[in-house]
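Here is my notebook from a first walk through this structure.

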Amino acid sequence: MASLKPEHLSFTTTSRTHLRPLGVTIDDSLLTETKSTQKRKLSQKRKTLSGSFSTGSHLSPWPTYISDQTILHNRKPCSDDYQKRAGSWQQQPLGTTKPRYLEQLENYLRKELLLLDLGTDSAQELRLQPYREIFEFFIEDFKTYKPLLSSIKNAYEVMLAHQREKIRALEPLKAKLVTVNEDCNERILAMRAEERYEISMLKKEKMNLLKLIDKKNEEKISLQSEVNESNVVTKLRKNLAEEYLHYLSERDARKILIADLNELRYQREDMSLAQYPGIWGEDPVKLTVALKMARQDLTRMQMELNTMKANFGDVVPRRDFEMQEKTNKDLQEQLDSLKDDYEEVRKEHEMLLQLHMSTLRERDQFYAELQEIQRTSTPRPDWSKCEDVVAGGQDRWHVLAEGKNSDQLVDVLLEEIGEGLLREKDFFPGLGYGESIPAFLQFDGIVENKKPTKKDVVNILKDAWKERIAEEQVRFHQPFWPGKEKFSDFFFNFLERRFGPSDAMAWAYTIFEYIKLFHSNEVMSQFYAVLMGKRKESVYIKQKETIAQLLKEMTHADSQNEGLLTMEQLSTVLRSTFPFKKDEKIQELMEAGGWHPSSSNADLVNYRLLFMEDEEGQSVPFLQKLWEQYLNEKDEYLYELKQELGLELHDKVTLPKLHEALMTIDPSLDKQTLNGYLSQAFQFPVTELPEEGEEKEEGTVIQLQTALEQLQMSDVRRMGPREQEPAT
């Protein structure tokens, strides 16, 4: 048998040129010329190989027979020559030597693989070329199986081309994924840096507050010492008054003594003038008259002085008088204030007496009604009889009935009965294609009941919510993302993606029957309300954001990261997160979290347990109380809005009037939130709302009951107090 020659294999390098890397562009004329050259050389090689590998135009069937036996080309298994040779092969002993044709093909394949450059990106595609050529040889040599082998080869070639296109399409997505990953890492680092800065600022503020507390304590101590010294000051004032009277009498005595001394001095001068009249050169008579007049003036002044002493001897000093006058004025003001307080207390007492009398009358009326109800009502049902009926026995019934009233127990019992009936059903009848039928339930015929557990249904609903929230976040960050689809359409598309188009309708009917039955399950009841259009999905999303924000605040307050908070810290976090909740609402949340009036503020609570859910989606009492307070606050808000409007439910309300009422009961509403409330109430887009001072021709009048129902379905909550605090 002839061997392969190097010139027969010279086309190998050229034949690989069409396996270029992704993204490389080749001229069409060059590519056409290369392909024609490849085909011509491949044809020559096939002729050479067929001539060099064949012996008497036979192929060896190794390893079944010995190496020198061959099979004729284009011979069918049913031909005589084929049968003769088959008989001869059966008579020959089994051989172990490979046919030369196989050995030459293996050697050719080995050489081709050694010539490949496996260090390039397209090495794997180049590696396929030798195998493709070997397969071409087989196709040309086995004429009988050529169509089948050619179809197999073409199918693989089409699949490889398809895979190349998919890889080429995914390359940009890979680069984009790397970019998004880097952006996310940068955001995480930025958020961590911001948190560290915030923590450092809070620590500094804490140190400043501690210094301020120390300073206030020092001031308190000094003020206390001043209060203790006030008694000493009173005693000193008394001594000062005594000393003042003493010195006053001393001053009067001194003035009298000075007057006497002056009199003696005047007499001495008169005597000296009488002895030496020429000294002054004055008329003695004139001087005598002047002296007499001066003495008379002195006597008169002395009498006036004595009169003033007699009249004003008991008069207090002006400083003491002003002090006493101020004290008297303060006492008078206190007296007037006490009189006003007394008048208010008296009026309140009279009102309380009237309220007490009305309460007594209501008590008597209620007692009479109670007696009538007890006389006419049926006896209270014995719920312990349900222990033997409910699956799980006494223990499970106690868990289901804990903390529920009779109405809620009836719902629980109906759910248990309904769950049993659902499990007995194998199929659901289709509801048809009516206009009142939701799009995800429009089907004719019977639908299979998948019979999942409550846990499975809850997990599916949670996954649906996660995917919906993820779509909302993508739409928020990418303005050109396609428009938002209806929640019912999203739900059916989600089921198609999860279970396939064939099972999506069956799962839609199954899940719909479950969420319609289990009203006591929070996840199912909320999903059913949103799916049927009874509640906006923004209510659920906002509640989840509130819970996440509350958990974040508690985590920040936990400086030790132990998962524990004191009751005082828990109260502080609740008041900061919900600044508009009243004290009794905060106390209800703390009691739901494990606080009792007899507990100390230093008691610790594991705040992470407050956000746990069981496998069926039931949350702990803390989250249930938070949801209940949200619904009650919404009802109070809408009732306050109705009272402010002063209309009946069947009356019409205009857009400006509703706008004014909302701003009156909630002055802190920003423009975006206010427009959202008005858009929900009147059911038209925010962009179509009239600007301030404009009037909308149509759609600005709606029945009050309809507006309140639309707001009840939406996420409506108070943004600030009813009355703004005056600016300082």
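**Entry 1: a starting residue.** I began with A508, which lies in helix α13; helices (H or I, at least four residues) and strands (E, at least two) are DSSP runs, numbered from the N terminus. I was looking at a predicted model, where local features need pLDDT of at least 70, side-chain atom pairs count only at pLDDT 80 or more, and totals for chains, interfaces and linings use all residues. Residues are numbered from 1 along each chain as its sequence is written, and side-chain values use heavy atoms, with hydrogens and water left out.

Is A508 buried or exposed? I found it at 0% relative accessibility, so A508 counts as buried. Buried means under 20% relative accessible area, exposed over 50%, and partly exposed in between (1.4 Å probe, protein chains only).

I then looked up what A508 touches: leaving out residues up to four places away in sequence, I noted F440, L441, F492 and L495. Contact here means heavy atoms within 4.5 Å. A508 and F492 sit 16 residues apart in sequence, with 6.9 Å from C-alpha to C-alpha.

Entry 2: Next I looked at how helix α12 (residues 487-499) meets helix α13 (residues 501-517): they pack at an angle of about 125°, with axes 8 Å apart. The axes are lines fitted to C-alpha atoms, for helices over the stretch in contact, and angles run from 0 to 180 degrees between N-to-C directions. α12 and α13 are therefore oblique to each other. On this scale, angles under 35 degrees count as roughly parallel, over 145 as roughly antiparallel, 65 to 115 as roughly perpendicular and the rest as oblique.

I noted that α12 and α13 cross in a right-handed way. A crossing is left-handed if the near helix is turned anticlockwise from the far one by less than a right angle, and right-handed if clockwise. From α12 the contact uses F491, F492, L495, E496 and F499, and from α13 it uses P501, D503, A504, M505, W507, A508 and I511.

Entry 3: I compared notes with helix α17 (residues 583-592) and α18, whose axes come within 8 Å and cross at roughly 155°. α17 and α18 are therefore roughly antiparallel to each other, and α17 passes α18 in a right-handed crossing. K585, E588, L589 and A592 of α17 meet P621, F622, K625, L626 and Q629 of α18.

**Entry 4: rings.** How many aromatic pairs are there? I counted rings of Phe, Tyr and Trp (its six-membered ring) as paired if their centres lie within 6.5 Å, with planes under 30 degrees apart stacked, over 60 edge-to-face and the rest tilted. The count comes to 16 aromatic pairs. One of them joins Y108 and F137, a tilted pair at 6.0 Å centre to centre with 50° between the planes. This pair links distant parts of the chain, 29 residues apart: Y108 is in helix α4 (residues 100-115) and F137 in helix α5 (residues 123-141). Y108 is buried at 1% relative accessible area, and F137 is buried at 2%.

I also found one aromatic cluster formed by F440, W465, F487, F490, F491, F494, F512, F527, Y528 and Y540. R468 lies over the face of F490, 5.0 Å from the ring centre. K581 lies over the face of F578, at 5.2 Å. For such a charge, NZ of Lys or CZ of Arg is within 6 Å of the ring centre and within 35 degrees of the ring normal.

**Entry 5: two loop residues.** K451 has a positive phi of about 50° although it is not a glycine. I placed K451 in the loop between β4 (446-448) and α11 (454-477), and at 33% relative accessibility K451 is partly exposed. N561 also is not a glycine, and has a positive phi of about 55°. N561 is in the loop between α15 and β5 (564-566) and is exposed, at 54%.

**Entry 6: the whole protein.** Among contacts between residues at least 6 apart in sequence, 63% join residues at least 24 apart.
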